[in-house]
Amino acid sequence: MSDGVRCMWMRGGTSKGGFFVADDLPTDIAARDAFLLRAMGSPDPRQIDGMGGADPLTSKVAVVAKSARDGVDVDYLFLQVFVDQAIVSDAQNCGNMLAGVGPFAIERALIPPAGDETRVAIYMVNTGQIAIATCRTPNGVPTYEGSASIDGVPGTAAPIPLEFRDTAGSSCGALLPTGNTVDLIEGVACTLIDNGMPCVVLKAADVGATGYEDRDMLDADAALKARIEAIRLVAGPMMNLGDVAEKSVPKIMLVAPPRYGGAVTVRSFIPHRAHATIGVLGAVSVATACLVDGSPAAAVAAIPAGARKTLSVEHPTGEMSCVLEMDDSGAVVSAALLRTARKLMDGTLFP
């Protein structure tokens, strides 16, 4: 590794991090993780000796490989590099970094472009699910310029629609891993749900919050964070995730009635810091929870009619719209969202 490793730094959705071809990283997991910790500068709250941005949203890694699976173009492994702990976790997906996988795969010639738009079938290694990303490739080259905007990112960029199918129970084995709509944990009614991201969904009011606080206010509330962490630690084993003390899942989602014409307001924790926005698959799981009769989310949400529902999930810096398709039984069968991505740097990373 002394000669450096080929790497592309990209923004994907409201996150950013390093994108690597799998063959460019060590095959031994311990060696790979040690390399990534050095690359990001972890553990260190400032990540001063690495590429990380001193925030979980900017300390992320996508490992991409050409896929041998039928009907799949590339395999994508997401790794969360903790900022102030020597931990590299593969316990979750990241739907924001997913937005950069298609363009990156084309840039690295893992797949060929297909006209002005290229649909990329992506196997998400973390959870064994498949997503379809549609990338703009005029003249056979990914373009990052466009008129699409997403909350949490300044300016505009080329749109990258993401479609998810069969994500229910991707990490926990079932959409509702306990089989219950509501579980009482530490005296608080919670919905334990996994539609692409394991989440504990509860009313903000039930833990002494409003649900409309900004990120800094939530991060400064030590009592609130201690209370929701106690809930998270109990919920982990109930969700078939085992001891989650050093894991990044499940996420805690505090919900409240919408304020700006959306379906629901959310304050997300990832897991110990408040999220500036909300993760893509976290938004899908919360939107799905809004459709579960009797859940805390359903109690505060404003739900549109019809089998195809667009649910706007309000977060601290805007909103994220989830388009959910339901079958005749009312079960969610697919989810689609709009993301953008941008190539920031392509070169050699020296750990």
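Buried means under 20% relative accessible area, exposed over 50%, and partly exposed in between (1.4 Å probe, protein chains only). The model is predicted, so local features need pLDDT of at least 70 and side-chain atom pairs count only at pLDDT 80 or more, whereas totals for chains, interfaces and linings use all residues. Residues are numbered from 1 along each chain as its sequence is written, and side-chain values use heavy atoms, with hydrogens and water left out.

**Exercise 1.** Determine whether Asp-55 is buried or exposed, and state which side chain meets that of Asp-55 in a salt bridge.

*Solution.* 
1. The relative accessibility of Asp-55 is 12%, and therefore the residue counts as buried.
2. A salt bridge (a side-chain nitrogen of Lys or Arg within 4 Å of a carboxyl oxygen of Asp or Glu) joins Asp-55 to Arg-273, at 3.9 Å from N to O.
3. Arg-273 lies in the loop between strand 13 (264–269) and helix 5 (280–290), and Asp-55 in the loop between helix 1 and strand 3, so the pair ties together parts 218 residues apart in sequence. Helices (H or I, at least four residues) and strands (E, at least two) are DSSP runs, numbered from the N terminus.
4. Arg-273 is partly exposed, because its relative accessible area is 32%.

**Exercise 2.** Identify the network of salt bridges to which Asp-55 belongs.

*Solution.* 
1. The linked residues are Asp-55, Arg-215, Asp-219, Lys-225 and Arg-273.
2. Within this network, Asp-219 pairs with Lys-225, their closest N and O atoms being 3.5 Å apart.

**Exercise 3.** Explain why helix 2 is described as largely enclosed.
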